[in-house]
Structure formats: C-alpha cells, structure tokens
Amino acid sequence: MACGSVSCFSMSTPSLQMCRSSSNLSRGGRARMSIPMPPLNPKDPFLTKLASAAAASPDPLPELLKNRNPEVPPYLDLFESPRLMAGPAQVERAVSYGEHRPRKPPPDLPSLLLHGRIVYIGMPLVPAVTELVIAELMYLQWVDSKQPIYLYINSTGTTRDDGETVGMEYEGFAIYDAMMQLKNEIQTVAVGAAIGQACLLLAAGKKGRRFMMPHSKAMIQQPRVPSSGQMPASDVLIRAKEVITNRDTLVKLIARHTGNSIETVSKVMRRPFYMDPPKAKEFGVIDKILWRGQDMMAETASPEEWDKRAGIRAVDGL
C-alpha cells in the first residue's frame, strides 16, 4: 500500500493521521463494503454475454463476497467460480468475431478435397493408402451415387521410385475392384506419375474422362517378386508362380481398358514401357491431355455454341 512507503512517513502529522484512519477504515469495513462492478460497454457483445451469465449464476455476488478469503485482493477471487463466467461454447454461440475466422479447428486437407468429391492418391499403394482410398470412394457413393468422383493419381504403384517393392499387387486390384463396383462415374487424372498398378487405375476411369497433365508420365511394367530372404526354395517357387498370375491379370485388365490386344500389352510389358501424354493417349490409357486453362470438371462450350443456344445470330461485318 502507498501508506507503507517512504513518502508516507515524510507527510505532516495530520496527513499521517488521515492516512492511518483511512487504512483502518478499509481494513475494518472491507467485509461490509460492496465491490463496485466495472462499467460495461453496452455495445460490447462479449461483456454483455458475460454480465448476463454472471447475473444468472446460482451463487449471488454478495454471498461470494461474504465468504471470500480476505487475503486475496479484490476482484481476483471472482474468477475462482467458473459459473460466473460465460463458457467458451456460450461465447462462441453468442459472439462472432468475423466471418472468415473458423469457430472450430479446420479439417485436414484430404477432408477438404473429399468435400469437393476429389480422391487423391499421392503415395505408393501400401495397405494404409488402399484402406483410405476405398473408404473415401465408398463414402462418396453413400453421399451421392449420381455425382462423379474425381480420382487424382500421382503414385508409383506397388513399388518405390527406385524399383523396390513396398506393397502387394492386391493393393491395386482392391482399389480397382472398388472402382468397378461403384455406381458413380469416376474420372481419373494423372498429375505426376502413374506407374504399374497406378497406370491401371488411370486407365480404369470412365471412357472419355481420363486425363493427363502435360508433363505427367505413365508406365506399365511386370510385377516384381518381393524379397524372399531366408525363404525355402519351394516357397520361392510358389511366390514366383503367384507373381506370374498377377502379371497375367494385370495384362488382361490393361488390355480391356486400353482397347489393345493381350498380345500387344504383354509384348510392351516385357520391359518398363514409359508413355508421355501423347503416347498414352495413342495407346489408349487416357482420352485427353489437360493443358493450361482447361477444366476437367465441366465442358466449356465455344462462343459460337453459346450464341446458338441463346438464339443470337452473327451479323456479317461486325
């Protein structure tokens, strides 16, 4: 307190007596004094909500002041009772601090893409990726079985970029079977690389709605035998036969969706077969190349077609 400072002892005797009397009055009458509430701005929605919550509290303010700890400075003990404060949910419902400030944590990026009916495959086809992609496809069909689904692909399939096997061929077949079972139209777009099983998913889109970006690459190759380690020789032979079976299945599916014969696909798959967008279009993997300014989600009519639909006739010389 100011009365305990050095400046207080330098006062005259009447001033010192007045200071002591006021100090005694404050100590003796602290329990009887009513602590004034700070003035509220009627235009402040937060303070208005806070005051209404305090007024509706089951603990009246006088009772709290009567039983409070005298060692605690005034006003600080008011915040020990959470019922006097407006809860975060109450303030959130009552006050908006701007239309662009979210009222809850924003969703993750795949959820935002899913809201636009976009499924993005940006990793090799490992079990976790397969599970997420199939779940998203099934969810989008449940939401609306008539709207198209846009599948963006940038994946090296079941191998890494260095050729090491990271997933079984069944991962790609699982996503393919889910695509074939859906009622929705699935439009596919290659936005980087579509290798192996990922190239199959690119070709499995709806005919006429399969796209590639100008600098994307597609490649088909034979499945690779996973590392055998200390596996017995008989087991290695069994696994090799299974890989050959998966290769034949992959050849048949790619031939079905590209319009080529099984012999042609089997011949080009003897070695890695890379395709740029024009070559992929010629081979039948895609239907269109997306150049800058094009929109795959809606076909844009030419100006002449718009004029024709609107009944506008072109005038020569204008």
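Analyst: Below we chat about helix packing, the nonpolar cores and one arginine in this predicted model.

User: OK, so at what angle do the axes of α7 and α8 cross?
Analyst: At roughly 5 degrees, and the axes come within 9 Å. Angles under 35 degrees count as roughly parallel, so α7 is roughly parallel to α8.

User: Which residues of α7 and α8 make the contact?
Analyst: On the α7 side there are Pro127, Thr130, Val133, Ile134, Leu137 and Gln141. From α8 come Glu171, Ala174, Ile175, Ala178, Met179 and Gln181. By class, that contact has eight nonpolar, three polar and one charged residues.

User: And what does Leu137 touch, leaving aside its neighbours within four places in sequence?
Analyst: Leu137 is in contact with Val119, Ile149, Ala178, Met179 and Leu182. Leu137 is also among the residues that touch the most other members of the largest nonpolar core, which has 45 residues.

User: Which helix gives the largest share of this core?
Analyst: That's α9, with six residues. There is also a second, separate core of six residues, including Tyr152 and Phe211.

User: New topic: where is Arg209, and is it buried or exposed?
Analyst: Arg209 sits in the loop between α9 and β4. Its relative accessible area is 12%, and buried means under 20%, so Arg209 is buried.

User: Which side chain does Arg209 make a polar contact with?
Analyst: With the side chain of Gln187, at 3.3 Å.

Terms used: Residues are numbered from 1 along each chain as its sequence is written. This is a predicted model: local features need pLDDT of at least 70, side-chain atom pairs count only at pLDDT 80 or more; totals for chains, interfaces and linings use all residues. Side-chain values use heavy atoms; hydrogens and water are left out. Axes are lines fitted to C-alpha atoms, for helices over the stretch in contact, and angles run from 0 to 180 degrees between N-to-C directions. Helices (H or I, at least four residues) and strands (E, at least two) are DSSP runs, numbered from the N terminus. Angles under 35 degrees count as roughly parallel, over 145 as roughly antiparallel, 65 to 115 as roughly perpendicular and the rest as oblique. Contact means heavy atoms within 4.5 Å. Ala, Val, Leu, Ile, Met, Phe, Trp, Tyr, Cys and Pro count as nonpolar, Asp, Glu, Lys and Arg as charged, and the others, Gly among them, as polar. Buried means under 20% relative accessible area, exposed over 50%, partly exposed in between (1.4 Å probe, protein chains only). A polar contact is a pair of N or O atoms within 3.5 Å; within protein, one must be able to donate a hydrogen and the other to accept it, and residues adjacent in sequence count only if both atoms are side-chain atoms. A nonpolar core is a set of buried Ala, Val, Leu, Ile, Met, Phe, Trp, Tyr and Cys residues joined through side-chain atoms within 4.5 Å.
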